[in-house]
Amino acid sequence: MQNKSAASDQRAFLIPLQLMGEERPLYCLLSQNQINEVLAPRTTYPAPLSPAYLQGCISFFGDLVPVIDLSVLFGGTPQGKARQLVVIRTGEKDTRSEGHLKLALKCSAPVQTIKLTATELQSGLKVEEFPAHLERAELIKSFYTMQGSGVFLVDFNRIVRGAV
């Protein structure tokens, strides 16, 4: 039987980013519910004439899923060769299958898994403004400082709808 504090722990994932002008580490925070699967690198099919942040598409259980480099999306440099691809569910529905639309996030450094307690969620994350020198602030739901690192939540629904 779990005690109340163990039951309220939330497993979360931190996607490391490399952004220009940022001295501190930056991470995109994802909840366990957003993660569909963490994959080893696989063949990415290029998408001609697409923006630089769209690295191409992968085949994922018969569907083509766009691969996004978050560092490039927010004005940083390309992350280089992927070590992992994190397939996430967005809140947007696929009109064909009624399932959630997916994105694959390119990660050149290992994804970190953390547990956040209810106390940390309430008081351990200090709310901040998204750094003004970074691009596409409209895609950021919220920005926090956690143990000296910048952590933010991305509006992936806007990305999958093409509102970038």
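In which strand is lysine 115 found? Lysine 115 belongs to strand 8, residues 112-116. Helices (H or I, at least four residues) and strands (E, at least two) are DSSP runs, numbered from the N terminus. The model is a predicted one, in which local features need pLDDT of at least 70, side-chain atom pairs count only at pLDDT 80 or more, and totals for chains, interfaces and linings use all residues. Residues are numbered from 1 along each chain as its sequence is written, and side-chain values use heavy atoms, with hydrogens and water left out.

Lysine 115 is exposed, at 59% relative accessibility. Buried here means under 20% relative accessible area, exposed over 50%, and partly exposed in between (1.4 Å probe, protein chains only). Between the C-alpha atoms of lysine 115 and glycine 80 the separation is 28 Å. These two residues lie 35 residues apart along the chain.

Strands pair if DSSP finds at least two bridges between them. Strand 9 pairs with strand 10 (residues 140-146) in the antiparallel sense, over three bridges. Glutamate 128 has phenylalanine 143 in strand 10 as its bridge partner.

Another open sheet holds five strands in the order 3-6-7-5-4, again with mixed pairing. Its edges are strand 3 (35-39) and strand 4 (54-60); each has a single partner strand, so one side of each is left without a neighbour. Neighbouring strands of this sheet are turned by 30° on average, direction ignored. Six bridges join strand 4 to strand 5 (residues 63-68) in the antiparallel sense. Phenylalanine 60 stands opposite aspartate 63 in strand 5.

Aspartate 69 sits in the loop between strand 5 and helix 2 (70-73). Aspartate 69 is buried, with a relative accessible area of 0%. Its side chain reaches the backbone nitrogen of serine 71 at 3.1 Å. Beyond neighbours within four places in sequence, aspartate 69 is in contact (heavy atoms within 4.5 Å) with Tyr53, Gln55, Pro78, Gln79 and Lys106.

Side chains of opposite charge can pair when their charged atoms come close. A salt bridge is a side-chain nitrogen of Lys or Arg within 4 Å of a carboxyl oxygen of Asp or Glu. The count comes to four salt bridges. One of them joins arginine 96 and aspartate 63, with closest N and O atoms 3.8 Å apart. Arginine 96 lies in the loop between strand 6 (84-93) and strand 7 (100-107), and aspartate 63 in strand 5, so the pair ties together parts 33 residues apart in sequence. Arginine 96 is exposed at 66%, whereas aspartate 63 is partly exposed at 35%. Arginine 96 also meets aspartate 94 in a salt bridge (3.4 Å, N to O). Aspartate 94 is buried, at 13% relative accessibility.

The structure holds zero disulfides, a disulfide being a pair of cysteine sulfur atoms within 2.5 Å. The sulfur of cysteine 28 has its closest cysteine sulfur in cysteine 107, at 8.9 Å, too far for a bond.

How values were computed. Axes are lines fitted to C-alpha atoms, for helices over the stretch in contact, and angles run from 0 to 180 degrees between N-to-C directions. A polar contact is a pair of N or O atoms within 3.5 Å; within protein, one must be able to donate a hydrogen and the other to accept it, and residues adjacent in sequence count only if both atoms are side-chain atoms.
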